[in-house]
Amino acid sequence: MFDVSVQAMLGEFNLDASFRSESIVTALSGPSGSGKSSIVAAIAGLLTPKRGRIAVNGRTLFDSEARIGIPAQKRGMRVVFQESRLFPHFTVAQNLMFGRWLAGKKRDAQFDEIVALLGIEPLLSRRPRKLSGGERQRVAIGRALLAEPQALLLDEPLASLDAARKNEIIPYLTQLVANAKIPVLYVSHSRDEIELLAQTIVKIDGGRVTEIEKRR
Amino acid sequence: MFSFSADEIDAIRLSLWVASIGIAASLPLGMFVAYVLARWRFPGKILLDALVHMPLVLPPVVTGYILLLLFGRKGAIGAWLEETFGIVFSFRWTGAALAAAVMGFPLMVRAIRLSLESTDRRLEDASRTLGAGRLVTFFLITLPLALPGIIAGLVLAFAKALGEFGATITFVSNIPGETRTLPSAIYTFTQIPGGDAGAFRLAVIAMIIALAALVISELLARRTAARIDG
């Protein structure tokens with residue numbers, strides 16, 4: 001599912017990480033500043049590694065030797081960022097429809113289904129700034145899911161939330177991940193979340209993979 | 001006291017027209033240059049930045065003279081434009097609009113650049129991961145978020161353009177109904193005996209327009225910001 005090998009110098013930080021995972025849900029785990037988000041950015045196409053190769057679900061997204069570098073907007077890697085990054089000038093509904101609209105899709109049954117699954121129906125006409133942190137993250141997850149994802153990259157989606165908000169989202173997340181038909185990369189430094197969700201755990205420290213653990 | 005002569009009305013109308021056309025026509029280039037200065041890194045950037053700001057620090061007469069050299073009928077660009085497109089700048093209102101655009105340009109670029117620099121680039125990244133290319137992202141995300149700054153830049157440039165005098169009079173002279181804008185008309189009034197009343201009337205109009213422009217821009221900026229904030 002994920003075949004990643006990236007080398008990059010980010011200021012003083014040297015990222016040199018390689019891992020392979022055939023699990024549908026792979027976790028990327030490690031302390032803050034270990035390079036997790038940089039790996040996500042490289043997979044998403046927001047960061048160009050100096051060297052390496054990135055393939056997701058058999059599709060090569062980046063290969064420095066073959067000079068392949070698919071632009072971010074054509075990768076289909078939908079990212080849920082830690083700080084949700086909802087578009088402040090759009091309503092929740094417009095945020096949810098953003099990627100779907102770009103893909104030429106309309107508001108349809110799948111839209112209603114995901115909105116219901118995430119319990120964000122009452123929020124549709126609101127602006128992101130009027131939402132709580134937990135609501136924002138649910139909308140961000142919905143926005144990624146509705147954008148015809150080829151893979152889902154969840155970059156610490158719960159890290160900015162307090163325990164109560166975390167508990168509010170985890171049921172949605174587990175349900176979503178349990179039904180996942182596309183590869184999911186789940187980035188977190190929380191052991192609990194990872195054990196709940198992932199089959200393969202890739203541990204990162206100081207920009208390097210220290211251990212790959214298979215579970216179940 | 002406040003009954004305007006036809007010449008005065010002409011000057012007011014011409015001023016508004018010249019400033020509006022000059023600013024509207026330079027907006028696309030202004031946005032592009034602001035974007036380049038805000039986002040790109042390239043050698044010679046500091047030079048481009050300085051070049052854009054030149055009209056702000058040069059004596060306006062010098063700017064007008066350079067415009068005359070370049071865009072006059074015998075000027076390098078002016079001759080070519082007349083031959084190819086039939087566009088003439090010298091001693092026409094179009095020249096006054098060009099002078100207005102050039103003088104307003106630094107203020108416009110500065111405001112738009114600041115606004116672009118303060119928009120959250122992480123939102124642009126998010127947009128790209130959702131399938132929007134750079135151009136689509138610019139129009140759907142960057143531009144709307146920078147809109148208050150763009151409006152502010154437009155109004156500042158417009159106000160500067162309205163007040164433009166030195167470059168205009170050097171480049172396109174002071175022809176009634178063609179290039180005699182508000183400042184030129186006021187200047188003319190002060191040069192003739194008994195022109196004080198006319199000068200005063202036009203000066204009051206200039207102040208009213210300037211004040212209105214500033215108030216409108218502030219209101220627009222607030223409304224736009226409120227709309228973005230939700």
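**View 1. Glu117(B) is partly exposed, with a relative accessible area of 41%.** Welcome to a predicted model, in which local features need pLDDT of at least 70, side-chain atom pairs count only at pLDDT 80 or more, and totals for chains, interfaces and linings use all residues; side-chain values use heavy atoms, leaving out hydrogens and water. Residues are numbered from 1 along each chain as its sequence is written, while chains are lettered from A and ligands numbered from 1 in the order in which they are written. Here, buried means under 20% relative accessible area, exposed means over 50%, and partly exposed is in between (1.4 Å probe, protein chains only). Arg113(B), at 18%, counts as buried. Glu117(B) and Arg113(B) form a salt bridge, their closest N and O atoms 3.2 Å apart; the term stands for a side-chain nitrogen of Lys or Arg within 4 Å of a carboxyl oxygen of Asp or Glu. Both residues sit in helix 5 (residues 93-118) of chain B, four residues apart, about one turn of the helix. Helices (H or I, at least four residues) and strands (E, at least two) are DSSP runs, numbered from the N terminus.

View 2. In contact are 26 residues of chain A and 21 residues of chain B, where contact means heavy atoms within 4.5 Å. One salt bridge is found across this interface, and Glu83(A) pairs with Arg122(B) in a salt bridge at 3.1 Å, N to O. On the side of chain A that touches chain B, strand 7 (77-80), helix 2 (92-102) and helix 4 (133-145) of chain A give two or more residues each. Helix 2 of chain A supplies the largest share, four residues.

**View 3. Arg191(A) and Glu213(A) form a salt bridge, with the closest N and O atoms 3.4 Å apart.** The pair links distant parts of the chain, with Arg191(A) in helix 6 (residues 191-197) and Glu213(A) in strand 11 (residues 208-214) of chain A, 22 residues apart. Arg191(A) is partly exposed, at a relative accessible area of 33%. A network of salt bridges links Arg191(A), Glu195(A), Lys203(A), Glu211(A) and Glu213(A).

View 4. Arg100(A) is buried, with a relative accessible area of 0%, whereas Asp108(A) counts as partly exposed at 28%.

**View 5. Helix 1 (residues 36-44) of chain A is mostly covered, with eight of its nine residues buried.** The buried residues are Lys36(A), Ser38(A), Ile39(A), Val40(A), Ala41(A), Ala42(A), Ile43(A) and Ala44(A). Just after this helix, Gly45(A) takes a positive phi of about 95°.

**View 6. Ser21(A) lies in strand 2 (residues 13-21) of chain A.** With 1% relative accessibility, Ser21(A) counts as buried. Not counting residues up to four places away in sequence, Ser21(A) touches Met1(A), Phe2(A), Thr26(A) and Thr200(A). The side chains of Ser21(A) and Thr26(A) make a polar contact at 2.7 Å. A polar contact is a pair of N or O atoms within 3.5 Å; within protein, one must be able to donate a hydrogen and the other to accept it, and residues adjacent in sequence count only if both atoms are side-chain atoms.
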